[in-house]
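The sequence and the coordinates are shown first, and the description follows.

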Amino acid sequence: MKPNILLVTADQWRGDCLSAIGHPTVRTPNVDALAREGVLFRRHYAGAAPCSPARATLYTGLYQANHRVCQNGSPLDARFDNVALAARRAGYEPTLFGYTDVSPDPRAVDPQDPVLTSYEGVLPGFTVGQILLEHEKQWLSWLRSKGRTEALTRDVHRTEHLGAPPAYSSDETQTAFLTDAFLNWREIQDRPWFAHISFLRPHPPFCVPEPYASMFMPGDGPAYARAADRQDEADLHPFLRFAMATQQKSSFVQGAEGPVSDWDAADLDRIRATYFGMIAEVDAQFGRIVAALHDSGQWDNTIIVFTSDHAEMMGDHWSLGKGGYHEGSYHIPLVIRDPAAIAAAGRQVDAFTSAADIMPTLCERLGLVPRNHQDGHSLLPFVAGRKPEHWRDAAFFEFDFRDVVNGAREAQFGLRSDQCNLSVLRDEAFKYVNFSGMPPLLFDLKADPMELRNVAEDPAFLAIRLRYAEKLLALRATHLDQTLAFTELTGEGPVSRPTR
């Protein structure tokens, strides 16, 4: 019997925030239980940030260097295959609960079409079960139907102070809204289904109702990865200085005013406790989904992929949000549970894996061949309990900080738009950050795991810097689009070789 497929993304969830891998504070019993029946990937990385670039990698199997979604609002080229289109070829009607943050290719749309006025388009191939966009109007309407007549705008997230709960209850969150929508839809399915639940949380604004608001205390948690003070952090690189100075409180707490730099260490502690509570809230709602699949008898015929689009700095390097080059922005969770691979249940994988691996994994599991080049590799060998040959030995991710509309970042750094980007190669020993138009960074991760000392200009590390620059160059050359590069026309017609 064809399996059900459930792809779950929890927006902005850090990869270290799972009790299954030993987080000292966070408790995630439902994702942990999934990991005990599946495979947990401990070193899984987003391909890019923020949301649209990260999701483009997840949905297409392509690195940003190939899909070219550079910012929220950058269109996704219509020629690329994706998980939803692939699922349709396998006979499913892939259905979305939440959002995909995909801007459509404007060349394929009438210029007057209002879909071109928002970056929150739906990935081609998905049927919408329940949309939830950034303005949250769909959820606010649902809240009003439950008697919350004051829920007219996103000001419903305002709280009395940092860490205080909002007025709505734990049964009335955006996560509960999408969970209810999925569960109601699932009850009427009469054939194998493919669903993508795209939870908004633990994305800002940072607030959560009880019991989660007081579940964790400010100060609980591991040590932050950061310099002694903000100035020391900012002095490490011109990019950091600019990025830290431009962060605004309003991006993270509803109604807050002023720069993030006005928040002190105690404030960041309070925000982190809230973030941990938001993760616990998502885990609890995910538990409702797992229970429903068990109760309906569908658990043993459902493949579940649980992951995130990108992560969250959460006070590391005196920053919030995502972007740049730090671990806190890109290390994300991944658990895959396939009932056909129970022999590997409970395994934890330490190999470096990428969001670009999700598309080829699902395609192989469904017996499909992606219709264009893939930068990712199938994870099914890991799911089956073995490590593939010639697997990557490093994580690779990218961040593009161009400002197409206003050109502010280009003016700040004196760069062209196509120079406003960075690429990261990070393995067991070192992390190399290449900026197209600014000096590079190199961190000795064994001596400096918090990435506080740039050794790129240290004469003792110049040979290592060169080696990593060459590795990055080789990676980029290897991952140039190979869609037709392995095809040649002959007298007998086209001859193609597998790309792997």
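A charge sits over a ring if NZ of Lys or CZ of Arg is within 6 Å of the ring centre and within 35 degrees of the ring normal. The charged end of Lys 2 meets this description over the ring of Tyr 92, 4.5 Å from its centre. For Arg 226, the charged end sits over the ring of Trp 318, 3.9 Å from the centre.

The model is predicted: local features need pLDDT of at least 70, side-chain atom pairs count only at pLDDT 80 or more, and totals for chains, interfaces and linings use all residues. Residues are numbered from 1 along each chain as its sequence is written, and side-chain values use heavy atoms, with hydrogens and water left out.

**The five-stranded sheet**

Helices (H or I, at least four residues) and strands (E, at least two) are DSSP runs numbered from the N terminus, and two strands pair if DSSP finds at least two bridges between them. Five strands form an open sheet in the order S3-S11-S12-S13-S14, with mixed pairing. Its edge strands, each pairing on one side only, are S3 (48-49) and S14 (441-444). S3 runs parallel to S11 (residues 395-400), and two bridges join them; Ala 49 has Phe 399 of S11 as its bridge partner.

Buried means under 20% relative accessible area, exposed means over 50%, and partly exposed lies in between (1.4 Å probe, protein chains only). Five of the six residues of S13 are buried, so this strand is largely enclosed by the rest of the structure.

Helix H14 (residues 462-478) lies across S11, S12 (421-426), S13 (430-435) and S14, and runs at about 65 degrees to S13. Such angles run from 0 to 180 degrees between N-to-C directions, with axes fitted to C-alpha atoms, for helices over the stretch in contact.

**A buried threonine**

Thr 100 lies in the loop between strand S4 (95-98) and strand S5 (127-131). Is Thr 100 buried or exposed? Thr 100 is buried, with a relative accessible area of 0%. Contact means heavy atoms within 4.5 Å. Leaving aside neighbours within four places in sequence, the residues in contact with Thr 100 include Arg 55, Tyr 59, Phe 126 and His 196. A polar atom of the Thr 100 side chain lies 2.9 Å from the backbone nitrogen of Leu 123.

**Aromatic pairs**

Rings of Phe, Tyr and Trp (its six-membered ring) pair if their centres lie within 6.5 Å; planes under 30 degrees apart count as stacked, over 60 as edge-to-face and the rest as tilted. A search of the whole structure finds 29 aromatic pairs. One of them is the edge-to-face pair of Phe 97 and Phe 182, 5.8 Å centre to centre with 85 degrees between the planes. Phe 97 lies in strand S4 and Phe 182 in helix H6 (residues 174-187), so the pair ties together parts that are 85 residues apart in sequence. Both Phe 97 and Phe 182 are buried.

Tyr 275 and Phe 276 form a tilted pair, 6.5 Å centre to centre with 50 degrees between the planes, and both are buried. Ring pairs also link Phe 239, Phe 242, Phe 399, Phe 401, Phe 413 and Phe 435 into a cluster.

Conventions. Polar contact = N/O pair within 3.5 Å; in protein donor to acceptor, adjacent residues only side chain to side chain.
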